[in-house]
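Take a look at the structure below.

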There are 2 protein chains.
Amino acid sequence: MAKEITSRSENYSQWYNDIVKKADLAENSAVRGCMIIKPYGYAIWERMRDQLDKMFKETGHVNAYFPLFVPKSLFEAEEKNAEGFAKECAIVTHYRLKNDPSGHGKLMVDPEAKLEEELVVRPTSEAIIWHTYKDWIQSYRDLPILINQWANVVRWEMRTRPFLRTAEFLWQEGHTAHASKDEAIEEAKKMHDVYATFAEEYMAMPVIKGFKSENERFAGADDTFTIEALMQDGKALQAGTSHFLGQNFARAFDVKFSNAQNEYEYVWATSWGVSTRLVGGLIMTHSDDDGLVLPPKLAPIHVIIVPIPKPDDVILQKAQEIADALRALGISVQIDKDENKRPGFKFAEYEMKGIPVRIGIGLRDLQNNVVEVARRDTKEKMSVPLDGIDVFIQNLLEDIQQNLFNRALKYRDEHITRVDTYEEFKMVLEEKGGFLSCHWDGTAETEELIKQETKATIRCIPLRQEMEEGQCIYSGKPSKGRVIFAKAY
Amino acid sequence: MAKEITSRSENYSQWYNDIVKKADLAENSAVRGCMIIKPYGYAIWERMRDQLDKMFKETGHVNAYFPLFVPKSLFEAEEKNAEGFAKECAIVTHYRLKNDPSGHGKLMVDPEAKLEEELVVRPTSEAIIWHTYKDWIQSYRDLPILINQWANVVRWEMRTRPFLRTAEFLWQEGHTAHASKDEAIEEAKKMHDVYATFAEEYMAMPVIKGFKSENERFAGADDTFTIEALMQDGKALQAGTSHFLGQNFARAFDVKFSNAQNEYEYVWATSWGVSTRLVGGLIMTHSDDDGLVLPPKLAPIHVIIVPIPKPDDVILQKAQEIADALRALGISVQIDKDENKRPGFKFAEYEMKGIPVRIGIGLRDLQNNVVEVARRDTKEKMSVPLDGIDVFIQNLLEDIQQNLFNRALKYRDEHITRVDTYEEFKMVLEEKGGFLSCHWDGTAETEELIKQETKATIRCIPLRQEMEEGQCIYSGKPSKGRVIFAKAY
């Protein structure tokens with residue numbers, strides 16, 4: 001039962017894979033690096049998507065859909081962006097199969113159906129979208145354009161892991177166009193805030209908000225804002241990024257607008273995205289050695305009701321009453337009516353799936369007008385009066401949401417370590433992990449050398465940077481503030 | 001203004017393209033045959049998707065996500081299915097671009113990054129899904145599997161039209177697995193019913209329910225159930241199909257289960273799908289020479305409020321009050337605060353966009369405590385008291401929904417013509433169009449000859465078939481019931 005998964009201390013990476021498998025979230029497919037998102041995993045993503053979509057619409061964005069394919073000539077137009085993705089993209093070269101004469105029922109690519117121009121399966125959609133925006137934008141009156149797209153993208157990654165890094169993944173990508181630099185920067189920051197709010201309030205996952213060093217920026221961006229979370233193995237997860245793209249794509253695709261003075265200017269741009277990677281972050285932030293732990297705001301099922309020792313009419317009737325009362329409060333409930341499995345087996349199964357609250361109903365309890373309530377986060381069990389059980393559970397779900405955030409925040413804060421020498425840096429990185437707050441001389445060379453020697457990268461320059469004079473831990477050169485290093489997923 | 005679009009009588013096909021363009025629904029992209037779904041068009045699709053998703057969940061289905069790519073060896077496993085799609089599929093052969101030595105900033109496919117096995121961009125997902133189901137199904141206890149997927153698919157069509165036929169399109173595809181033939185047939189029929197209900201109750205688009213002749217079946221199906229709608233040019237639109245797949249995919253992918261008697265059997269299957277093509281059907285069913293007409297249940301904006309002749313404080317305050325009252329009833333409202341455009345221009349624009357109800361507010365009207373309400377479907381204008389305006393509009397929207405369905409039903413019923421000779425068949429087909437109800441000898445040969453000579457195909461054998469003895473209009477051979485022929489999109 002619960003013993004089926006590897007413990008975190010034994011093998012963190014295997015623990016993660018075990019949870020993905022045993023909680024029925026996803027599995028590998030017949031296509032290298034592509035996963036199958038199973039119904040329970042997809043239900044979590046649906047809840048993330050619906051909440052984010054609501055937040056995007058509340059901030060004035062609308063959805064649209066652009067093609068899966070990018071003609072090579074458009075793909076290569078913005079050089080930095082093209083360079084960043086050229087080495088890992090799937091390329092369509094033909095549009096037909098034909099019978100293979102070498103085997104009955106076999107097919108082969110028809111060499112006569114070669115495309116004149118190859119198509120890149122989108123790794124991101126700036127190119128196809130900015131090619132389109134050229135037709136949509138003439139005057140400042142056409143601006144801003146505030147569009148988001150929910151889509152699949154493909155990046156031919158060599159090392160993949162379910163949710164965290166897959167060749168195909170699901171995401172949203174916002175692509176906005178603005179008449180001024182300030183407005184575009186404001187937009188990029190606004191969506192950065194939306195991501196941070198979503199991560200903390202819905203995923204119960206604390207994040208550090210900051211911007212990327214030049215080395216770590218999105219290919220084609222002038223600035224990349226990021227939210228960085230900390231996983232339980234002390235490694236960082238980049239959970240969402242919002243890019244100020246300057247006029248780079250406008251220049252590449254010749255997108256100009258006439259301003260109020262009738263002068264032509266290049267359009268200012270942002271793009272921003274989060275992906276199914278968030279599901280990986282959610283798993284790793286809260287789960288334990290008994291399985292998945294989910295924050296109530298994103299859990300597909302909030303409450304499972306288990307008859308003890310097994311279903312009978314009296315118990316099921318009471319279970320139904322409780323379920324009805326909870327559902328009236330917007331709480332998602334399931335009743336386990338299976339007669340063949342024992343309660344202990346069921347308990348372990350629901351713990352594995354991370355269902356926030358379990359209600360056990362036994363006949364003796366009913367005689368006393370109580371039920372047993374177990375919370376998944378602390379594994380605490382309580383005997384709770386039936387009277388008012390609905391409001392009790394509602395409050396308990398809020399408490400679990402808050403407790404998960406507090407617990408993750410405590411862990412995260414305990415794993416931000418100020419270090420002042422390179423020796424200390426390496427020691428803490430190896431022995432404790434987590435975020436290292438230290439001085440850096442601001443050069444790409446130093447960053448690259450530290451990365452080569454330790455595998456740690458600058459996760460971000462925090463927006464709330466500690467401004468203090470100091471010396472770079474590596475070069476000893478002067479620095480004006482601390483940045484955050486970590487090993488990362 | 002309204003004169004910007006071609007009339008239906010002048011050029012139906014151009015009329016459709018004009019509406020797609022002028023109502024800002026979609027446009028062609030830089031990728032051959034792929035469209036860009038613009039925000040207003042996508043908002044209509046979102047409403048369709050949300051309602052369908054609700055109906056799928058209410059009938060016990062869950063969502064999941066399978067890979068975009070199908071390895072060639074899986075693609076070819078079910079031979080009929082493979083044959084049906086092999087000639088029109090996009091094929092990924094490489095996974096990397098590299099710098100093209102012939103030009104600065106140019107990229108080329110890296111010949112060293114050739115895939116060992118080509119990947120087909122899914123035209124439909126039976127192959128990848130049934131390959132997966134093999135691992136998921138051992139016993140009858142694992143059945144049924146009731147999964148749906150929202151995804152993009154690619155079919156390399158030669159002639160494309162926005163929404164109606166595009167190389168890439170968005171759709172949902174249900175893929176279910178069952179322990180018995182009866183259960184699978186029941187599932188296929190259930191989803192056929194869901195599609196018909198959706199088409200008639202939400203799209204206000206009447207459909208004929210039936211099943212396909214062998215020629216017109218989905219490649220790999222034993223039976224295809226279809227809903228067929230009639231467009232205003234007298235051509236049919238296949239709007240949704242639900243397939244009983246028999247054990248064809250289970251055989252191709254060797255998916256067996258042990259039944260209650262511990263005997264192994266092949267699993268029974270269905271698949272069913274509707275796509276963004278429905279948006280095309282919606283446009284063509286209701287729209288007129290002034291632009292788009294939308295049924296309220298799928299309209300992104302139900303009511304537009306236009307100050308006359310232009311916004312001022314008193315009018316805007318009243319507009320806000322009306323909007324608040326309508327929103328409280330779940331009605332979607334926008335207030336036009338633009339000060340530069342004239343009311344006549346605005347009216348034409350909102351007619352073009354098919355907004356079901358327009359409320360005009362002028363100062364003189366306000367003195368009399370009335371506003372002007374115009375309905376898009378009949379273009380009727382009414383002076384309506386402010387008192388109770390919210391409930392009036394709510395009822396009006398219901399009335400518009402019903403009226404659109406009735407109007408479309410009347411047109412459709414007037415265009416079902418019983419014909420008994422081939423001469424009559426050809427004459428009605430040319431002069432009147434629509435559905436032709438006639439006798440057919442049941443052979444694929446006759447169907448094919450009629451298609452070659454007239455371009456008409458059997459749209460369906462209606463579930464409510466008129467059972468009567470007759471003679472095939474083409475061969476004169478005996479027939480036991482009438483089938484529905486039409487030219488189709």
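Start with V92(A), which stands opposite V92(B) in β5(B). Both strands are called β5 and cover residues 91–94, one in chain A and one in chain B. Three bridges join them, and they run antiparallel. Strands here are DSSP runs of E with at least two residues, helices are runs of H or I with at least four, and both are numbered from the N terminus. Two strands pair if DSSP finds at least two bridges between them.

Before going on, note that this is a predicted model, in which local features need pLDDT of at least 70, side-chain atom pairs count only at pLDDT 80 or more, and totals for chains, interfaces and linings use all residues. Residues are numbered from 1 along each chain as its sequence is written, while chains are lettered from A and ligands numbered from 1 in the order in which they are written.

Now widen the view. Which strands form the open sheet? There are six, in the order β4(A)-β8(A)-β5(A)-β5(B)-β8(B)-β4(B), with antiparallel pairing. At the edges lie β4 (69–71) of chain A and β4 (69–71) of chain B, each pairing on one side only. On average, neighbouring strands of this sheet are turned by 45° against each other, direction ignored. Look at one edge. β4(A) is joined by three bridges to β8 of chain A, residues 114–121, and the two run antiparallel. There, P71(A) has L119(A) in β8(A) as its bridge partner.

How are the two chains related? Two copies of a chain are related by a rotation about an axis and a shift along it.

The same surface serves both copies, as 100% of the contact residues of chain A recur in chain B. Chain A puts 52 residues into the contact and chain B puts in 53. Residues are in contact if their C-beta atoms, placed from the backbone, lie within 7 Å. On the side of chain A that touches chain B, β5 of chain A gives the most, with four residues. By class, that side has 33 nonpolar, eight polar and eleven charged residues. Ala, Val, Leu, Ile, Met, Phe, Trp, Tyr, Cys and Pro count as nonpolar, Asp, Glu, Lys and Arg as charged, and the others, Gly among them, as polar.

Next, find two helices in chain A. α2 (residues 39–58) and α8 (residues 277–286) pack at an angle of about 105°, with their axes 10 Å apart. That makes α2(A) roughly perpendicular to α8(A), a label for angles of 65 to 115 degrees. Axes are lines fitted to C-alpha atoms, for helices over the stretch in contact, and angles run from 0 to 180 degrees between N-to-C directions. G41(A), I44(A), W45(A) and M48(A) in α2(A) meet L278(A), V279(A) and L282(A) in α8(A).

Finish in chain B. β25 (residues 467–471) and β26 (residues 478–486) are joined by three bridges and run antiparallel. They form a hairpin with six residues between them, and G476(B) in the turn has a positive phi of about 75°.

Terms used. Parallel < 35°, antiparallel > 145°, perpendicular 65-115°, else oblique. Contact = placed C-beta atoms within 7 Å.
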